[in-house]
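Trainee: Could we go through this structure together, one question at a time?

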Amino acid sequence: MPPRIAVTGSLAYDTISTFDQAFEALLVPEKLHELSVCFVVSSKERHFGGTAGNIAYNLALLKEPATILAGAGHDFGDYRKHLESLGVDLSAIRVSPDLPLASATIISDVRGHQICEFYPGAMGKGLKPGITALQNVELVLIAPDDPAWMMEYVDLCKQFGKRYFFDPGQALGRFTPEQLLHAIEGAEGVFLNDYELELLKRSTGYTEEQLFPLSRIFIVTYGEKGSKILEGGRVVEVPIATPTRVLEPTGCGDAYRAGFLKGYLEGRELLVCGEMGALLATYVVEQKGTQNHAFSPKEFERRFEEVFGKSL
């Protein structure tokens, strides 16, 4: 069966490090204009990552293999085998012979706060959007990428009448206010965390009351405080799924999106969609790396019932 969902964004190798204090311990607020700091980390590991790769991996665990629309580098070989083994459709990926895969260097402190350096590498280089791939799916997630490419995907979705979710993420600050409003208006949904919501309001000059009606739904995550789904005048409060341990938060937002979208494709209630996202995010927090957790659909259903007291 062809994929029902296409995911855009990045494919990257993540280098994840752990700083055993709070970042604030080495920051002097009145000296930030002269910032020179070194975080000595206690661990450093390389993992498969990138927004498109992470989301597709989590969808595959839920038996919803996606089509990835992204740029890859000449060092994509190992990552390709990893994704193909899960049934992810890579036919729309374009590989650059000259540039490496994108890379992210992420440092997390004891409070779960993060500092990230991102090198785009082959992301988007020489690509033409996978028009055929977009036409053949039911739903598109436009995840963080080069803003110009993200806007091209927005326009293609509007052109073909495809339902899409817009997820600007850490690229949000690189959009113009006009681009953000164009992407949000008519979207099936918009994913943001609470910080990104404030940045969106500042960038556009719009209040929440002005922004929320532009998209069918808004999904706003609040870390350990859970998430909110806003539909019309209704607010759905979604709790977290308490983890058995907290090792590393990188990639939990991508997992939330995958869990939510799996439920959404199945026509489930918004609360259940959010709970599926929350549980999948918890699997990531309990491991180091964004794609090192695993479960069968039955195991996911069993844990969902244990956490939320109802059956999938």
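This is a predicted model: local features need pLDDT of at least 70, side-chain atom pairs count only at pLDDT 80 or more; totals for chains, interfaces and linings use all residues.

Mentor: Residues are numbered from 1 along each chain as its sequence is written, and side-chain values use heavy atoms, with hydrogens and water left out.

Trainee: Is Asp 167 buried or exposed?

Mentor: Asp 167 sits in the loop between strand 10 (163–166) and helix 5 (177–184), where helices (H or I, at least four residues) and strands (E, at least two) are DSSP runs numbered from the N terminus. Residues are called buried under 20% relative accessible area, exposed over 50% and partly exposed in between, using a 1.4 Å probe and protein chains only. Because its relative accessibility is 2%, Asp 167 counts as buried.

Trainee: Which residues of helix 2 are buried, and where do they lie around the axis?

Mentor: In helix 2 (residues 77–84), the buried residues are Tyr 79, His 82 and Leu 83. An α-helix has 3.6 residues a turn, so residues three or four places apart point the same way.

Trainee: How is helix 5 oriented to helix 6?

Mentor: Helix 5 and helix 6 (residues 194–204) pack with their axes 9 Å apart and at an angle of about 120°, the axes being lines fitted to C-alpha atoms over the stretch in contact, with angles from 0 to 180 degrees between N-to-C directions. Angles under 35 degrees count as roughly parallel, over 145 as roughly antiparallel, 65 to 115 as roughly perpendicular and the rest as oblique. Helix 5 is therefore, relative to helix 6, oblique.

Trainee: Which residues of helix 6 make the contact with helix 5?

Mentor: Contact means heavy atoms within 4.5 Å. From helix 5, the residues taking part are Pro 177, Leu 180, Leu 181 and Ile 184. On the side of helix 6 they are Leu 200, Ser 203 and Thr 204.

Trainee: Is Ser 203 buried, exposed or partly exposed?

Mentor: Ser 203 belongs to helix 6, and, leaving aside neighbours within four places in sequence, it is in contact with Phe 175, Pro 177 and Leu 180. Because its relative accessible area is 26%, Ser 203 is partly exposed.
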